[in-house]
Amino acid sequence: MRANAVSDGTSHTMGILERTEYRQRFSLGSRCLLGRHPACDVKLEDARVSGEHASLHWRGEGWELRDLGSRNGTFLEGRKLASGERVALEAGQSFLLGPGGTRFQLVDPGPPAVRARRVATQELRELSGSLLLLPDDEAPLASLFQDGSGRWMLEFNHEQRHVTDQERLRLGDQEWVLELPTVSTETLEGERPNLDVVHLKIGISRDEEYVVVTVVHGNEHKVLAPRSYHYLLATLARLRLKDHGRPEPEQGWVDRDTLCRMLATDDNKLNVDIHRVRRQLSTLGLQDAAHVVERRPGTGLVRLGIRSVEVFAL
């Protein structure tokens with residue numbers, strides 16, 4: 001990963017490392033390499049620092065500091081680490097790269113951000129809600145999200161597969177590196193609702209030109225900002241309701257080509273709209289918003305992933 005410099009005085013919920021001499025702060029991805037080599041995430045111009053001097057790793061519940069066989073050593077709270085030694089790094093602890101060398105402090109021990117880095121430009125895209133869209137929100141080609149077991153999934157070109165930390169992706173002419181920390185299921189789920197406990201109300205004007213989508217959770221009603229892709233939700237909802245008498249696993253599935261004809265669109269536009277629908281639902285805090293439009297692997301079939309839905313005329 002590439003550590004990202006951040007400003008002082010800002011509220012953060014991710015791992016933050018501070019270079020104490022300059023009060024320069026860096027947001028941490030799942031891995032951070034410190035040293036003089038140009039490829040290091042935190043690059044230092046200090047003769048006491050080795051090319052690849054030390055590293056920080058997120059280990060699921062906390063940070064780990066490791067000396068990488070440096071020439072002048074890594075010192076944690078005054079103790080020199082053995083070459084290759086790994087130690088837990090707690091909030092507020094400081095370490096030096098070389099005796100009397102550059103000092104760093106872990107000022108925020110929170111988990112690293114889930115993000116992707118574009119190799120050519122070092123641009124960073126971070127997870128928002130429960131979903132990360134690549135290369136951007138306006139023209140998304142891929143979605144990154146978690147499955148029910150907490151493993152990371154990538155959907156690209158209508159196919160889904162598991163991905164891992166530091167994996168490289170090719171999206172068109174762009175190459176991206178994924179930064180996917182391991183986070184406990186309890187941290188991921190928290191108190192956020194999922195699609196099984198929300199109700200979707202979809203109102204459609206008589207000329208089919210205007211759609212109002214409301215997400216209901218308990219006593220809370222959230223009307224979504226109007227978007228053209230809400231007609232996709234309305235169409236999938238109608239198909240699901242039409243199959244109401246069938247077993248739930250068989251309700252609402254439709255072939256992509258058929259759906260494109262129903263929506264008077266093409267496959268590329270359909271794919272972009274699916275990513276956009278998921279993105280909008282993820283902003284509500286739904287932990288499984290990526291499944292608002294489900295895909296049946298290897299079939300080309302899609303459906304609405306919300307079971308409780310109603311469609312009515314405005």
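**Asp273 and its partner**

Task: Decide whether Asp273 is buried or exposed, then find its salt-bridge partner.

Solution: Start with the ground rules. This is a predicted model, so local features need pLDDT of at least 70 and side-chain atom pairs count only at pLDDT 80 or more, while totals for chains, interfaces and linings use all residues. Residues are numbered from 1 along each chain as its sequence is written, and side-chain values use heavy atoms, with hydrogens and water left out.

Next, grab the cut-offs: buried means under 20% relative accessible area, exposed means over 50%, and partly exposed is in between (1.4 Å probe, protein chains only). Asp273 has 9% relative accessibility, so it counts as buried.

Now for the partner. Asp273 forms a salt bridge with Lys269 (a side-chain nitrogen of Lys or Arg within 4 Å of a carboxyl oxygen of Asp or Glu). Their closest N and O atoms are 2.8 Å apart. Lys269, at 34%, is partly exposed.

Last step: where do they sit? Both are in helix H4 (residues 267–282), four residues apart, which is about one turn of the helix. Helices (H or I, at least four residues) and strands (E, at least two) are DSSP runs, numbered from the N terminus.

**A salt bridge across the sequence**

Solution: First, the background: side chains of opposite charge can pair when their charged atoms come close. Here, the side chains of Glu155 and Arg295 meet at 2.6 Å, N to O.

Then check the surroundings. Glu155 has 0% relative accessibility and counts as buried; Arg295, at 10%, counts as buried too.

Finally, look at the whole structure, which holds 27 salt bridges. One of them joins Glu175 and Arg168 at 3.3 Å, N to O, and Glu175 is partly exposed at 26%. There's also a linked network of salt bridges made of Asp196, Arg240, Glu248, Glu294, Arg303 and Arg307.

**Ring pairs**

Task: Sort out how many aromatic pairs the structure holds and which one is edge-to-face.

Solution: Trp58 and Trp63 are 5.2 Å centre to centre with 65° between the planes, which makes them edge-to-face. Both Trp58 and Trp63 are buried.

Phe95 and Phe104 are the stacked pair, at 5.7 Å centre to centre and 25° between the planes. Phe95 is buried at 0%, and Phe104 is buried at 0% as well.

**How two helices cross**

Task: Work out how helix H2 (residues 230–242) lies relative to H4.

Solution: Axes are lines fitted to C-alpha atoms, for helices over the stretch in contact, with angles running from 0 to 180 degrees between N-to-C directions. The axes of H2 and H4 come within 9 Å and cross at roughly 90°. Angles under 35 degrees count as roughly parallel, over 145 as roughly antiparallel, 65 to 115 as roughly perpendicular and the rest as oblique. H2 and H4 are therefore roughly perpendicular to each other.

Who touches whom? Contact means heavy atoms within 4.5 Å. On H2, His230, Leu232 and Leu233 make the contact; H4 brings in Leu270, Asp273, Ile274, Val277 and Gln280.

**The three-stranded sheet**

Task: Give the order of the open sheet of three strands and name its edges.

Solution: Two strands pair if DSSP finds at least two bridges between them. The order is E24-E26-E25, with antiparallel pairing. The edges are strand E24 (254–255) and E25, each pairing on one side only. E24 pairs with strand E26 (residues 301–304) over two bridges, and Val254 has Val302 as its bridge partner in E26.

Methods: Phe/Tyr/Trp six-rings, centres within 6.5 Å; stacked < 30°, edge-to-face > 60°.
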